[in-house]
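Here are my notes on the structure, jotted down point by point. Have the viewer open while you read.

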Amino acid sequence: MRNPWTSVEAEAARLKRTTLLDLFAADPKRVEALTFDAPHLKADFSKQRIDGAALDALMSLAEAADFDGWRAKLFDGAVVNTTENRAAKHWALRITDPPGGHNEITAVLDRMHDFAHEIAESGNFDAVIHLGIGGSDFGPRMVLDALKAYRRSNITVRFAANVDGADVADAIEGLDPARTLLIVASKTFTTQETLANADFVRAWGPARIAAATAAPEKAIAWGVAAADVFPFWDWVGGRYSLWSSVSLVCEIALTHGVFFRMLEGAEEMDNHFRDTPLAHNLPALSAAIQMWNREALGHGSYALIPYAERLRLLPTWAQQLEMESNGKGVTRDGAPLERSACAVTWGVAGTNAQHSFFQLLHQGVEEIPVEFIVNAGAQEGPPSHRAKVYANALAQARALMVGKTSAQAKAEMVARGTSDADATRLAPHRAFPGNRASTMMAIDALTPESLGALLAFYEHRTFAQAVLSGINPFDQWGVELGKEMANALLPALEGAAAPENLDPSTDFWLRQLRT
Ligand code: F6P
């Protein structure tokens, strides 16, 4: 059988010789052909360096990678995390009307709901401190920021994740411990940063302590009352845990039913991903394009730019999701990867990004694809701002693609009265190469449902990209070595003898930083 990569590489070589504007000229229906819908989400890939033949090659690659088979395994609850021998059933947390009505998932959801009601309505609490890190932090932090319009007004929420003590010191600042709930969120309940922060806040004396964990016995041993431990399961990966009891803080801080509506939106995206054929499946198509940019065209990173202030934490959440999942060096079978399976995800909210690193995106030597997200149903704030934020998003995508030649830049300057000599000298500095790819996506509005769907879209895209690359996205052994070494260095930093056989640089800094 022909290696499907041969066709993908041939298509990439062909398309590298064209421009995006040529692709539009060649196909008047390009926007319609390359715009796809999923629940609450629309994506236009027409400004990506792809066309029908390239997509066909990518679809053949997906077939060769047994995309349908792996997707079925995911939703059958089969072992897809092959190195840890686990299923990955975060989608099961979003089945809002399970067969038979009740199961262990809805039982925990019901308990979360009752607990949230008690905390928020009793009048005894005015603050919640949520301690967790990575997947036990990014999700709830982002959700509460994004859904500010749905927040209860009587509950202040503070997060702390970093083991730099400044973070937890800020978290308690100005709060009354007698009116504060502490939530410790940790799948393993062994994470150094979270436990150090939890020990500190527990000593400060919060009125009540709850835990969200897949290791309830450890939370109880640490001192949480069994009735206030909200479990989840080892088949929920850390970076997929925002759908679990890790979001207890959201259930408390959002008004009644909002968290459930988020689950419903995510479930809509699950159904789309599970049931839609590859050729119209938005997460899978988007995964193919991510892979195309990374592996076929060689772009080492992409910028994720939400033109929606409420989605400003999305890039941070997506960084962990994508890079902790797909930042791998070997295939599922342990063979070295021939091509990198993961680009660097980075970005902040537009328009702020325009006044920061967009200079590099427009005029830097290397192309960096951009994923724009707009909120098509923006409601908050002054109505006159809406058109401005859209205009900026559309303009950036258009400028990246269209660019401006030196000759155009020179002619503009001369028309404004610049001398020919100065215009000639300045033109190269004021020219834009253009021909730079981007995707334009829109959520229909920033509701709990659309946020749920958007986040589930990214989760499924990450999984689909892993399938195309033949890797396991559900383990994260790459974080272990640093943790082991930190544990080994800690005693020396606290005053014990330095370990032997350290490299000279680490040894030097250990002596500098010893407390
Ligand atoms: O960074 C490694 C990691 O295991 C993440 O996958 C996880 O989200 C984070 O640490 C926190 O882990 P836990 O929830 O077990 O405290």
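Predicted model: local features only at pLDDT ≥ 70, side-chain atom pairs only at ≥ 80, totals over all residues.

Which residues does Met323 touch, not counting residues up to four places away in sequence?

1. Met323 touches Ala318, Cys342, Ala343, Val344 and Thr345. The residue itself belongs to helix α14, which covers residues 314-326. Is Met323 buried or exposed, or something in between? Its relative accessible area is 29%, so Met323 counts as partly exposed. Have a look at Thr462 too: 139 residues separate Met323 and Thr462 along the chain, yet their C-alpha atoms are 9.1 Å apart.

2. Now the ligand. There are 15 residues around the ligand, and the ones that come nearest are Ser136, Ser186, Thr188, Thr191 and Glu324. Which side chain puts an N or O atom 2.5 Å from a ligand oxygen? That's Glu324. The side chain of Thr188 does something along those lines, with an N or O atom 2.6 Å from an oxygen atom of the ligand. Lys187 takes part through its backbone: a polar backbone atom there is 2.7 Å from a ligand oxygen. As for cover, the ligand on its own has 390 Å² of accessible area, and the protein covers 88% of that.

3. On to the aromatics. Searching the whole structure turns up 17 aromatic pairs.

4. Where do charged side chains lie over ring faces? Arg332 is over the face of Trp70, 3.7 Å from the ring centre. Lys89 is over the face of Trp235, and there the distance to the ring centre is 4.8 Å.

5. A few backbone details deserve a line each. Which two residues does a cis peptide bond join? They are Gly350 and Thr351, with omega at about 10°. Thr351 lies in the loop that runs between β9 (344-346) and α15 (358-363).

6. Then there are the positive phi angles. His40 is not a glycine, but its phi is positive at about 70°. You'll find His40 in the loop between β1 (35-38) and β2 (41-44). Asn501, also not a glycine, has a positive phi of about 65°. Its loop connects α20 (480-493) and α21 (504-513). Why does Asn501 count as exposed? Because its relative accessibility is 79%, and exposed means over 50%.

Notes: Residues numbered from 1 in each chain as written. Heavy atoms only, no water. Phe/Tyr/Trp six-rings, centres within 6.5 Å; stacked < 30°, edge-to-face > 60°. Lys NZ or Arg CZ within 6 Å of the ring centre and 35° of its normal. Helix = DSSP H or I, 4+ residues; strand = E, 2+ residues; numbered from the N terminus. Buried < 20%, exposed > 50% of the residue type's maximum accessible area, 1.4 Å probe, protein only. Near = heavy atom within 4 Å. Polar contact = N/O pair within 3.5 Å; in protein donor to acceptor, adjacent residues only side chain to side chain. Areas by Shrake-Rupley, 256 points an atom, 1.4 Å probe, with all protein chains shown as cover. Contact = heavy atoms within 4.5 Å.
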